[in-house]
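Reader: I would like to go through this model feature by feature. For each one, give me the general idea and then the case at hand.

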Amino acid sequence: IPVIVLHEVRHAVPLARALVAGGIRMLEITLRTPQALQAMRAIAAEVPQAVVGAGTVRQAADAEAAQRAGARFAVSPGLTPALARACRALALPLLPGVATASEIMAAQDEGLNALKFFPAMQAGGTAMLRAWQGPFADVLFCPTGGVQPDNAPQLLALPNVACVGGSWLAPAAALERGDWAQVTALARAACSLRGL
Ligand code: 3PG
């Protein structure tokens, strides 16, 4: 899952097309810039092959605004009962961030068993995911934070890792240059990471 920070709405559609062309359809547009909602709207309207979602969703109002803008899923750095409740009420799939056993248990209390491990490499990486396999055999993780093409294969080889996320798939410099070919090449390379 590319973790995307967009500063220019005009980058949204070509970026989404470039990622889709490289085989990446799930796009997380972080709510970290004032352009994020409009970018989601543009992608939802113009790139039907993409599944656009919102990242950095922290409050109920974020989830509501994102869904109105066309987001089909939400990703959050952590989890609160209020956010879980809001996403349930909206029927908006939520991938919430966890970094400890207690946070996993709180997410499971909310009925969530597919979780983002954030910040993954800073919080223990593959060793932590291995440790969680015992008590949390029913949980799947998406490690995000510090994930790169060189460490992704070890993460993706773990049975409790469904996918990974990271910002390397949408580098700021490539967006600035409008180097959509580079983005497509990065996406294509990312699609072959599992099994390397
Ligand atoms: C983030 O929230 O910025 C993501 O976890 C991406 O982290 P990364 O830049 O280390 O890939």
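Author: Start with the β-α-β unit. A crossover is right-handed if, with the strands pointing away from the viewer, the path from the first strand over the helix to the second runs clockwise. Here β6, helix α6 (residues 125–133) and β7 form a right-handed unit of this kind. Helices (H or I, at least four residues) and strands (E, at least two) are DSSP runs, numbered from the N terminus. The model is predicted: local features need pLDDT of at least 70, side-chain atom pairs count only at pLDDT 80 or more, and totals for chains, interfaces and linings use all residues. Residues are numbered from 1 along each chain as its sequence is written, and side-chain values use heavy atoms, with hydrogens and water left out.

Reader: How many bridges join β6 to β7?

Author: Two strands pair if DSSP finds at least two bridges between them. Strands β6 (residues 114–117) and β7 (residues 140–143) run parallel and are joined by 4 bridges. Lys 116 has Cys 142 in β7 as its bridge partner.

Reader: Which aromatic pair is edge-to-face?

Author: Rings of Phe, Tyr and Trp (its six-membered ring) pair if their centres lie within 6.5 Å; planes under 30 degrees apart count as stacked, over 60 as edge-to-face and the rest as tilted. The count is 2 aromatic pairs. Phe 117 and Trp 132 are edge-to-face, at 4.7 Å centre to centre with 65° between the planes. Phe 117 belongs to strand β6 and Trp 132 to helix α6, so the pair ties together parts that are 15 residues apart in sequence.

Reader: Which peptide bond is cis?

Author: Most residues other than glycine have a negative phi, and most peptide bonds are trans. The bond from Phe 118 to Pro 119 is cis, with omega near -10°. Pro 119 sits in the loop between β6 and α6.

Reader: Which residues surround the ligand?

Author: A residue counts if one of its heavy atoms lies within 4 Å. Val 3, Arg 32, Phe 118, Thr 144, Gly 145, Gly 146, Gly 166 and Ser 167 surround the ligand. A polar side-chain atom of Arg 32 lies 2.6 Å from a ligand oxygen atom, and one of Ser 167 lies 2.5 Å from a ligand oxygen atom.

Conventions:
Polar contact = N/O pair within 3.5 Å; in protein donor to acceptor, adjacent residues only side chain to side chain.
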